[in-house]
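Open the model in your viewer and keep the selection panel at hand. Each stop below says what to select and what is there.

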Amino acid sequence: MAVKTLNVDQVGRSVARLESRQKVSGRAEYVHNMKLPGMLYGKIFRSRIPHGKIRHIDTTAAQRVDGVFSVVTGDDVRTLVPIPYYGPAFHDQPVLALEKVRYVGEPVAVVLARDPHVADQAAQLIEAEYDELRAVYDEVEAATATIHVHEILKPAGTFPDLKYLEGRRDTNIALDFQLRRGDAGRAFAAADYVFEHTFHTQTVMHTPLEPLVSLAEPGDDSVTIFTASQSPSFVRMEIARMLGWSENQVRVRTAFLGGGFGAKLYIKLEALVAVLALMARRPVKIGLTMEEQFYHITKHATTTRIKSGVSKEGRIVARECEVYWNGGAYADIGPRVTQKSGFTAAGPYDIENVKLDSYAVYTNLPPAGALRGFGIPQLVWAYESHTDLIARQLELDPIEFRRKNILREGRPQAVGTPMRDAAIEACLEKIADRMEWGKPCYRGSAALRRGRGVAIGFKACIAPTTSVAIVNIYADGSCGLYCSTVDMGQGSDTAMAQIVAEVLGMQAEQIRVVHPDTDVTPYDMATLGSRSTYHMGNAVKRAAEDAKAKLEALAREAGAEGSPIPDVFRARYGMQAGNVVGIGTFIPSYQSPDKKTGHSENVTPFWMIGGAGVEVEVDVETGRFRVTKLVNVADVGKPINPKAVTTQLSGAAIMQLGHTMFEKMIFEDGKLTNASLADYKIPGFLDLPEDLTSEFVEAEQHGGPFGAKGVGETATFGVSPAIANAIHDAVGVRIYSLPITPEAVYRAMNGLPQEDRR
Amino acid sequence: MNRRIRFTLNGERVEADVAPHHNLVELLAERFDLVGARESCGQGLCGCCTVLVDGRAVSACLYLASFVDGANVVTIESLDAAGGLHPVQEAFIENAAFQCGFCTPGFVLMTAQLLEEKPDPSDEEIRHYLSGNLCRCAAYPEIVDAVKAAARKTAAKGR
């Protein structure tokens, strides 16, 4: 290099998080803790019925409470925003309920007050009258029901991958995605064996420990929104669209997020606080309680019917899947889950004849969206439980059966895209090795039976999406990175700094990462779907390379080649002055799936592969079981920060363990009965498997920055079915619905019917 | 209705006017700008709002502000007040024992208290002692490593 720099490897080093000191000392900045002078707190009044026409909202008692600034309803919102609807797929969600309420917990009105306790108290005095309508909760029923959650559907038209969404009316099906490969009908007729099963998953919540929170500060012809958001660029675009403003009138800033997991994507509270602040001419903050958080976003419950035709030789010759996604009352990003995860529903197997139908369905439940894995854990639950059942039925070893059928490098997945840099086989073999699969397993005692199981899954990354980054070299030789990737705990600030440092020959710890601020940091689609390392990583690398080239040109121009960076600036500008600004933009190539066949030659920039091996011990008298061993194996490309990758893998697996063993939102007539951490349990120290390991298969990802790929969701894939498969191995019963509770195991062992799903 | 209380906060004598319904999280954040203790679950189940009152860890979301009248209150912000990090904080950083960091102050304070009671805790003791603190990022394996590393650091300093 023409400019003198360090020569230490920055990529591949386990750099401690840049913000470590702030986080261990309680000084890290979260929107949760932000206050502005004159700020009002908003408290939401919510619907208590699942479906009904709003007849009247009585706010008089609330308005009379001392200290109340104002009470705002949906009709008030319309005085500022004539069409106050938002959403990434459909413009279906009102800022506050208009005409109708569609689920219990839907925001209907807001009280504003200087004192949050006053707002809280006044909100309880609001009364609403409704003409109740019949409601529908089950995703399969809703698909054909005559009760309609929305009369008419208006596609947002924002994202190119959702171009098939249609304006429809009188249906609860927001999107039906289909994939046809080969001739499944004929292959089933010719198959030696046919197997069919139905699986369910439950509604769960992300429960980030920093609940959803947003704060808006009005200006004369502008608004600034401080928000715990994973998608600041989208928030700006969507708020500007709603207000009829240009993007540069809306400024969106984030801080560190106290967890995200998909809960803080697209628009959550941002439209509401923006409108309230503009109406009140004061800053307005709404921070949800843990309880309220359950009413804003969930993970799709699903029903999956899956059918396979298998030859005598143990080859899967045909597979048919029907997946119903319970989207709740507003589509959020459900249609993308339905399509983008839907096309993987046949699993990581080489199957010539595939027929898939995937339905995004509206119901009268809280909206469902993205949650770590974006639909993949629900599908792997079905196809890996099913695959295990087939192996058992055919008396084939589960690993051997998978080896016979697995998609090998270069073979096309059902969607038509060849598997490249997808270490499915290597992951499977590593799981087998770590589980010592070749040796007989300890079977336990008569009272405490032991068993083991495996599962493997895969995911495509979101495409086509754009990331832009700016690298700014200051005149003293220090450097700032401007990017809109949100660090919600995954360690993106650190990984991006490592990429910049590697290119520029600097120390990662010395790179300043500027947090998302749409007035300052450039566009990024969002921090979701394990896309940042690959997409933003590439943009950041290009920005750093651009800065490096410009710095070298500057050195040549100033006759300072080979000098330290400050000397280059001094030679050019006569003092410590000036900047070198590098810009990088990245968008991967993409081919949209064909509308009729679902076929695409290039559906994803990279594949994520993850699997699990599990050993369980089941108490045959009570059904109580514990996971004695959990092995996670993932294809992680070339890790930028190996320690951060390991923590992402074990963290994702433990989260999925909660979704497998106990987490479940319980609804009675559409009313959620367990919206608190007292009644909705998330994993703690005492829930961990005795033996938990997370390992990776290193496989260079072509096109990834330094061979890296995304890893945030990968370890969620295999956990649930591996546990069900191990329980089957231990006690000979099959669990078809999540969560796998001791009661479910007990009922299955004693031939009792399972509990109602919700 | 407000009541004037006096207490010791991170070694300093302070006073404040508190309403009967104010909890300790609000008092610390609103009156003293100490935001390391955070209300999350609001039910004393997650440990994000942990502070020490008279040497005992409490959930500040369930602790009425007026109860600290005359008490000695220690928050996460005091641990590195002298400039250097506490050995527990160092160990958490070195072992990557946090991700989003929202729950971290609670874990750090609990660990400091654990090591005062049991300088060399077993894995089992660590898990049980910290079972009232939740980490949704699930940095649990790394937290166990950090607690053991902190124990070693503390022992080495004591020698």
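**Stop 1: a leucine in chain B**

Select L9(B), which lies in strand β1 of chain B, residues 3-9. This is a predicted model. Then draw a line from the C-alpha atom of L9(B) to that of C61(B). The separation is 17 Å, for two residues 52 apart along the chain.

**Stop 2: two helices of chain B**

Stay in chain B and select helices α3, residues 104-117, and α5, residues 140-158. Their axes are 11 Å apart and meet at an angle of about 45°. That angle makes α3(B) oblique to α5(B). The crossing of α3(B) past α5(B) is right-handed. Show side chains next. From α3(B) come F107(B), T111(B), L114(B) and L115(B); facing them in α5(B) are I143(B), V147(B), A150(B), A151(B) and T154(B). Colour this contact by class: seven residues are nonpolar, two are polar and none is charged.

**Stop 3: where the chains meet**

Bring chain A into view. In the contact between the chains, 40 residues of chain B touch 42 residues of chain A. Which helices of chain B each supply at least two residues to this side? They are α2 (87-94), α3 (104-117) and α5 (140-158). On the chain B side, 24 residues are nonpolar, ten are polar and six are charged.

**Stop 4: a buried strand in chain A**

Move to chain A and select β18, residues 301-310. Eight of its ten residues are buried, so the strand is largely enclosed by the rest of the structure. Strand β12(A), residues 193-201, runs antiparallel to β18(A), with nine bridges between them. Look for Y193(A), which is opposite V310(A). Strand β19(A), residues 316-326, is also antiparallel to β18(A), and ten bridges join the two. Here A301(A) faces N326(A). Follow the chain from β18(A) into β19(A): the two form a hairpin with five residues between them. Stop at G314(A) in the turn, where phi is positive, about 85°.

**Stop 5: a three-stranded sheet**

Remain in chain A and select β6, β2 and β8. They make an open sheet in the order β6-β2-β8, with antiparallel pairing. β6 (100-101) and β8 (127-132) are the edge strands. Each has a single partner strand, so one side of each is left without a neighbour in the sheet. Zoom in on β2(A), residues 52-58, and β6(A): two bridges pair them in the antiparallel sense.

**Stop 6: two helices of chain A**

Finish with α15(A), residues 532-557, and α16(A), residues 565-573. They pack at about 50°, with axes 9 Å apart. That makes α15(A) oblique to α16(A), and the crossing is left-handed. Select L551(A), L554(A), A555(A) and E557(A) on α15(A), then I565(A), V568(A) and R572(A) on α16(A); these residues meet. The contact has five nonpolar, no polar and two charged residues.

Notes
Residues numbered from 1 in each chain as written. Chains lettered and ligands numbered in written order. Predicted model: local features only at pLDDT ≥ 70, side-chain atom pairs only at ≥ 80, totals over all residues. Buried ≥ 20, exposed ≤ 12 C-beta atoms within 10 Å, placed from the backbone. Helix = DSSP H or I, 4+ residues; strand = E, 2+ residues; numbered from the N terminus. Pairing = 2+ DSSP bridges. Axes fitted to C-alpha atoms, helices over the stretch in contact; angles between N-to-C directions. Parallel < 35°, antiparallel > 145°, perpendicular 65-115°, else oblique. Left-handed = near helix turned anticlockwise from the far one by under 90°. Contact = placed C-beta atoms within 7 Å. Nonpolar A, V, L, I, M, F, W, Y, C, P; charged D, E, K, R; others polar.
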